[in-house]
Amino acid sequence: MSDINFDGRVAIVTGAGGGLGRTYALDLAARGAQVVVNDLGGSVDGKGGDHAAAQKVVDEIKAAGGEAVPNYDSVMTPEGGANIVKTAVDAFGKVDVVINNAGFLRDKSFLKLTWDDLDAIIDVHLKAAFYVSQPAFAIMKENGYGRFVFTASNATFGNFGQTNYAAAKNGLIGLSNTIAVEGARSGILSNVIMPVAKTRMTEELLGSFADVLGPEYVTPMVAYLSSEACTTTHGAYSAAGGRYARVFTGLAPGWFAGKGASVAAEDIAAHIEEIEAQEGYIVPGSTTDEIMALAGLFN
Ligand SMILES: NC(=O)c1ccc[n+]([C@@H]2O[C@H](COP(=O)([O-])OP(=O)(O)OC[C@H]3O[C@@H](n4cnc5c(N)ncnc54)[C@H](O)[C@@H]3O)[C@@H](O)[C@H]2O)c1
């Protein structure tokens, strides 16, 4: 097995003061990366703030002989995002890797959801990833190299009490896929991780099952996706307890009414089984792939 190292690479890990982000920062630093350890501190529902979290991880990295600087900005504002990237440039001269990981929960069943809970979750998971990634993308494009990892969740499959979180996390898949398309010519790869791991965010929810789901099982997948060795882009991967698996949106062949046919709701009802059938799907790598598949029907 060849060694995966980050010699000469600069990585930003948001929300790296604890939980999964801390393990990514430690692993990348141990493999030679210069790391910006971003964390606002604060509680699991996004309240408060404390510099100690990021500083402690920087101290750990340095004690192990690695290189890191802390950043305490919130990812939730454009200024915060820009300053996180500036911290990397000021300290290490560039950015090669961005692991968008920071986040918190505001779970409520749909009818109890307040607009504050919606805004906070869209801001910290979805908009934050734009705020950090756009200034980093500019630098990566100029350098002809970059790796993005966005953190989604199996909540995107639908999970009671997580409308805000599931919607924000699903948005990240569209963001990553489009960055993969726009970055393709500049050596920029973009992928999504969907972790399941025991952290302060999940340990109550997962109960005793949490004990076999250590964060250390998610870290290798994220380190791979962040590395020069990574060969994939436009992907999403579930990582949990030592099981790693692709998650994708497939486009099935469906039912084609025929060129110029008139179609009514009754025709849809009559063909719903063909429309629902999941065999023979493709996994579009871009919008163009669907348009091409569609155009093929009209030739
Ligand atoms: N643990 C899981 O099973 C699981 C499952 C699916 C998705 N996730 C996602 O993984 C990521 C990491 O979660 P975790 O489980 O390690 O939880 P965690 O609470 O341990 O870590 C999240 C970190 O983000 C930081 N943070 C919160 N708001 C911030 C802000 N505005 N600016 C900067 N930092 C901020 C927190 O201080 C914390 O250190 C999150 O995006 C979470 O939604 C986790």
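Reader: Phe137 and Phe148 first: buried or exposed?
Author: Both are buried. Bear in mind that this is a predicted model.

Reader: How many aromatic pairs are there?
Author: The count comes to four. Phe137 and Phe148 make up a stacked one, with 6.4 Å from centre to centre and 20° between the planes.

Reader: Which parts does that pair tie together?
Author: Phe137 is in helix H4 (residues 115-143) and Phe148 is in strand S5 (residues 146-151), so the pair links parts eleven residues apart in sequence.

Reader: Which residues form a cluster there?
Author: Phe137, Phe148 and Phe150 form one aromatic cluster.

Reader: What about Phe256 and Phe298, and why is that pair called edge-to-face?
Author: Their ring centres are 5.1 Å apart and the planes sit at 65°, so the pair is edge-to-face. The cut-off for that label is over 60 degrees.

Reader: Switching to the ligand. Which residues come nearest?
Author: There are 30 residues around the ligand, and Leu20, Asp39, Asn101, Tyr165 and Thr199 come nearest.

Reader: Which polar atoms lie by the ligand oxygens?
Author: A backbone N or O atom of Asn101 is 2.8 Å from a ligand oxygen. A polar side-chain atom of Lys169 is 3.0 Å from a ligand oxygen. For Gly41, a polar backbone atom is 3.1 Å from one.

Reader: How much of the ligand does the protein bury?
Author: The protein buries 97% of the 820 Å² that the ligand exposes when taken alone.

Reader: Leu20 was on your list. Which residues of H1 are buried?
Author: Leu20, Gly21, Thr23, Tyr24, Ala25, Leu28 and Ala29.

Reader: What do they pack against?
Author: Strands S1 (10-13), S2 (34-38), S4 (97-100) and S6 (188-196), plus helices H2 (52-63) and H7 (219-225).

Reader: What's the span of that helix?
Author: H1 covers residues 19-30, twelve residues. From first C-alpha to last it reaches 17 Å, close to the 16 Å expected at 1.5 Å a residue.

Reader: And what follows H1?
Author: Gly32 follows H1, and its phi is positive, near 105°.

Reader: Last one. Where is Gly42 found?
Author: Gly42 is in the loop between S2 and H2. At 23% relative accessibility, Gly42 counts as partly exposed.

Reader: What does Gly42 touch?
Author: Lys47, Gly48, Gly49, Asp50 and Arg200, not counting residues up to four places away in sequence. Gly42 and Phe104 are 62 residues apart in sequence, yet 9.4 Å apart in space, C-alpha to C-alpha.

Note on methods. Residues numbered from 1 in each chain as written. Predicted model: local features only at pLDDT ≥ 70, side-chain atom pairs only at ≥ 80, totals over all residues. Heavy atoms only, no water. Helix = DSSP H or I, 4+ residues; strand = E, 2+ residues; numbered from the N terminus. Expected span 1.5 Å × (residues − 1). Buried < 20%, exposed > 50% of the residue type's maximum accessible area, 1.4 Å probe, protein only. Contact = heavy atoms within 4.5 Å. Near = heavy atom within 4 Å. Polar contact = N/O pair within 3.5 Å; in protein donor to acceptor, adjacent residues only side chain to side chain. Areas by Shrake-Rupley, 256 points an atom, 1.4 Å probe, with all protein chains shown as cover. Phe/Tyr/Trp six-rings, centres within 6.5 Å; stacked < 30°, edge-to-face > 60°.
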